[in-house]
Amino acid sequence: LEVDAASNGTAADIRRLMDSLRYTVGGNYRVVLLDEAHSMSNAAFNAILKDLEEPPAQTVFVLLTTEPHKIPDTVRSRLMYFEFKPISDQDLIGRLEYIAAAEQIPHEPDLMVEIADRSYGGLRDAVMLLDQAARVGISSADQLRLLLGITDFAPSVFAALDADDLPQA
């Protein structure tokens, strides 16, 4: 269950969430993702505190944040902390290739390199960019750069300067 804590971060929202978790569902575990957890109100943090100490049966809470310093110490002391690092371009390319094969997305190899380069180690950003490219039929790095408005005019400028063609440069 993914909850956007930025727009559902009041104490009342957390109480409703906790009430909904009292009922069992199929499967071994229920995972509750609180995205943008740093956006929750202080009252919401207080409301969830007891449930973090003694969670409902088979329930795991995951608080996701880009600003861990905004999580109150009383809450942080009850959590295990994992800091995610950027994914290497090589691993991003491998995952993008896997997705492209599974979804039958036609592409040139340079597209995946370009997407990985533009994603700065973020898989979500890379997958979103691949999805955007696939939706508009982009299959090469050059086409992607055009979509993103990225032009590489430096080689032509240097070539013109090398040829002493100042107007062209």
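**Tour of the model, from R16 outward**

Select R16. At 52% relative accessibility, R16 counts as exposed, because the cut-off for exposed is over 50%. Keep in mind that this is a predicted model.

Is D13 buried or exposed? D13 counts as buried, at 15% relative accessibility.

**Whole chain**

Zoom out and colour by secondary structure. From the N terminus, the order reads β-α-β-α-β-α-α-α-α-α-α. The radius of gyration is 23 Å, well over the 15 Å that the globule rule gives for 169 residues, so the protein is more spread out than a compact globule. Draw a box along the principal axes: the C-alpha atoms fill roughly 75 × 35 × 25 Å.

Turn on contacts. Take those between residues at least 6 apart in sequence: 67% of them join residues at least 24 apart.

**Surface and charge**

Switch to the surface. The accessible area comes to about 11400 Å², and carbon and sulfur atoms hold 54% of it. Buried residues account for 28% of the 169.

Next, select the charged side chains. There are 14 positive and 27 negative ones. How far apart do the centres of the two sets lie? They lie 14 Å apart.

**Helix α5**

Go to residues 109–119, helix α5. Pick R118 and E114. Their side chains meet in a salt bridge at 2.8 Å, N to O. The two are four residues apart in the helix, so about one helical turn lies between them. R118 is partly exposed, with a relative accessible area of 26%. E114 is buried, at 9%.

**Helix α6**

Move on to helix α6, residues 123–135. Select R135 and D131. Here too the side chains form a salt bridge, 2.8 Å from N to O. R135 is exposed, with a relative accessible area of 67%, while D131 counts as partly exposed at 36%. The pair sits four residues apart in α6, so the separation is about one helical turn.

Methods. Residues are numbered from 1 along each chain as its sequence is written. This is a predicted model: local features need pLDDT of at least 70, side-chain atom pairs count only at pLDDT 80 or more; totals for chains, interfaces and linings use all residues. Side-chain values use heavy atoms; hydrogens and water are left out. The radius of gyration is taken over C-alpha atoms; the globule rule is 2.2 Å times the number of residues to the power 0.38. Buried means under 20% relative accessible area, exposed over 50%, partly exposed in between (1.4 Å probe, protein chains only). Contact means heavy atoms within 4.5 Å. Accessible areas come from the Shrake-Rupley method with a 1.4 Å probe; for residues, only the protein chains shown count as cover. Lys and Arg count as positive and Asp and Glu as negative; His and the chain ends are not counted. The place of a charge is taken as NZ of Lys, CZ of Arg, CG of Asp or CD of Glu. A salt bridge is a side-chain nitrogen of Lys or Arg within 4 Å of a carboxyl oxygen of Asp or Glu.
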